[in-house]
Amino acid sequence: MTALVLLEVENGEVRQASRSALTAAARFGDVDAIVFGEGASAAAALPGVKRVLSVPGLATDLAEPAADLLASIAKDYSHIVASASASGKNILPRLAGLLDVQPIPDVVEIKDAETFVRPIYAGNALATVRSSDAIKILTVRGSSFDPAPKDGGSAPVETLDAPASEKSVFVKVELSASDRPELEAARVVISGGKGMKDAANFKLLEPIADKLNAAIGASRAAVDSGFAPNEMQVGQTGKIVAPELYIAVGLSGAIQHLAGMKDSRVIVAINTDPEAPIFRVADYGIVGDLFEILPALEKAL
Amino acid sequence: MKILVPVKRVVDYNVKVRVAADGSGVETQGLKMSLNPFDEIAVEEAIRLREKGVATEVVVVTIGVQAAQDILRTSMAMGADRAILVKTDDTLEPRAVANALKAIVEREQPGLVCMGKQAIDDDMNATGQILAAKLGWPQGTFASAVTVADGRIEVAREIDGGTEIVSLALPAVVTADLRLNEPRYASLPNIMKARKKPLEMLEAADLGVDLASRLTIVSVAEPAERKEGIKLGSAAELVEKLKTEAKVI
């Protein structure tokens, strides 16, 4: 059996979540990798990749041409895998539609070549499902599979032509500039909620994030209130993170937020409300005013 | 232009479900059911496009049990013009739902399908993309803003690093993310009016499409519970614990 893994390359490096997808794909046998846009060399350096299919003509992750191309080569593979990123969730279900396959999103555990575990109901239940499709199409959670190393391999690269896309045209992308680690890849995440009160107060998280080399996240309520941009949202429908340390500041711990962070190794909660559900999953909690605790925490670190 | 809005009846987002004792699924009996929150946002967006004069009619459709009429009435109370219930007692997978929706699209000929990006029960985030693929239409997933002009729709999409904008030729499928809009509450007079709006009922089996499942549920289990930890008195104490006990910093 050979699996195909879709790798996302950013700033010349394969994203950590994609390297986790490679680890998952390697469970099925040999692995070919496909890269849209530049970055084939970074993919070729990953140990465990047998062959890299490079599509430099598809610089954006438009789902329509990407899915068309994947469909044209799908018959060579038993499994097609991507990380459960915005890109993976855009392209792979469309590919599944083209191939009349039922995709298996957000896989957290591989039981065997056709049996997978995935969370449902915001992670309040784990379903084990067996697929009868000839080609399995799955996205996997980066937090559930160790990322493959960045180098040590030297796979050959084949270049493929990009299919045309007339119905769908890329206009532009606005990426938020940040020197911080990616949310899904960070060892430490500090997130703010509605208790931060406004966008300016989110800056209080920065000195602590600097000291811990942490990524900054936000609850849905904080994003909805305009305190933080959408790409910072942690939760059922935002980013799923499982860092070594997760610090939840001024957020209550709604079901949909817990779905995005409750697999973190150590959870810290800071909240004025002792009854806040976040304390029920926290290893360490401080009941109190975050505006007093955050400066004290910065000083103590 | 007609807009078709597929909607789903799900366990209300405030309700925490329990896994059935025999591990066959989750207990949904007697739980409060609601219009899937992302679908509610899609309904709202479709109504706004009609209010702007971009669309002329908003049709909501659900594939589900007889009782799913309630979410169709809710959608019509918000302002949708009419509704279609495609009846089935089976739990359908996104692929099967997309097959049923494709049949409805072929019958209704909408210029746009606008739907939630994800149902909060199975958390699949797949039906819109599968439907778009099967129709050969372009897709604008995880939309946070849409603009319709000159036979195209421009969609701002929430992606991992920020926001991406794509321009799609209509007809297209758009899936709504959280920030697309804030849905309105239905007023009492509109709830009354919605009772008189047309609601057509079809049998899913009569559509003549493949509704089979490709996934077998082997088991459903509770996730590992986290133990409640300890409360600390100060930030200094916290740092001490993180260093010496948790050894995480």
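Student: Which residue in E13(B) is the bridge partner of Ile84(B)?

Tutor: Keep in mind that this is a predicted model. Look across from Ile84(B) into E13(B) and the bridge partner is Glu200(B).

Student: Which strands stand at the edges of that sheet?

Tutor: Read the order of this open sheet of 10 strands with mixed pairing: E13(A)-E11(B)-E10(B)-E9(B)-E12(B)-E8(B)-E1(B)-E6(B)-E7(B)-E13(B). Each edge strand has a single partner strand, so one side of each is left without a neighbour in the sheet. That gives strand E13 (168-175) of chain A and strand E13 (199-203) of chain B.

Student: And what does the twist average from one strand to the next?

Tutor: Going from one strand to the next in that sheet, the average is 25 degrees.

Student: What angle does helix H4 of chain B make with E9(B)?

Tutor: H4(B), residues 127-135, packs on the sheet and touches strands E8 (112-116), E9 (139-149) and E12 (172-176) of chain B. Compare the direction of the helix with that of E9(B), and you get about 60 degrees.

Student: Which residues touch the most other members of the largest nonpolar core?

Tutor: That core has 185 residues. Domain 1 (2-159) and domain 2 (188-300) of chain A both contribute to it, so the core lies between them. On the chain B side, Val5(B) has contacts beyond its neighbours within four places in sequence, including Ala42(B), Val58(B), Ala80(B) and Cys114(B). The residues touching the most other members are Val5(A) and Val5(B).

Student: Which element gives the largest share of the side of chain B that touches chain A?

Tutor: Contact between the chains involves 68 residues of chain B and 72 of chain A. Several elements of chain B supply at least two residues each to its side, among them H3 (94-108), E10 (152-159) and H6 (235-244). The largest share is 8 residues, and it comes from E11(B).

Student: How many residues on that side of chain B are nonpolar, polar and charged?

Tutor: Sort the residues of chain B that touch chain A by class. The counts are 36 nonpolar, 14 polar and 18 charged.

Terms used:
Residues numbered from 1 in each chain as written. Chains lettered and ligands numbered in written order. Predicted model: local features only at pLDDT ≥ 70, side-chain atom pairs only at ≥ 80, totals over all residues. Pairing = 2+ DSSP bridges. Helix = DSSP H or I, 4+ residues; strand = E, 2+ residues; numbered from the N terminus. Axes fitted to C-alpha atoms, helices over the stretch in contact; angles between N-to-C directions. Contact = placed C-beta atoms within 7 Å. Core = buried A, V, L, I, M, F, W, Y, C linked by C-beta atoms within 7 Å. Buried ≥ 20, exposed ≤ 12 C-beta atoms within 10 Å, placed from the backbone. Domains from an automatic or database assignment. Nonpolar A, V, L, I, M, F, W, Y, C, P; charged D, E, K, R; others polar.
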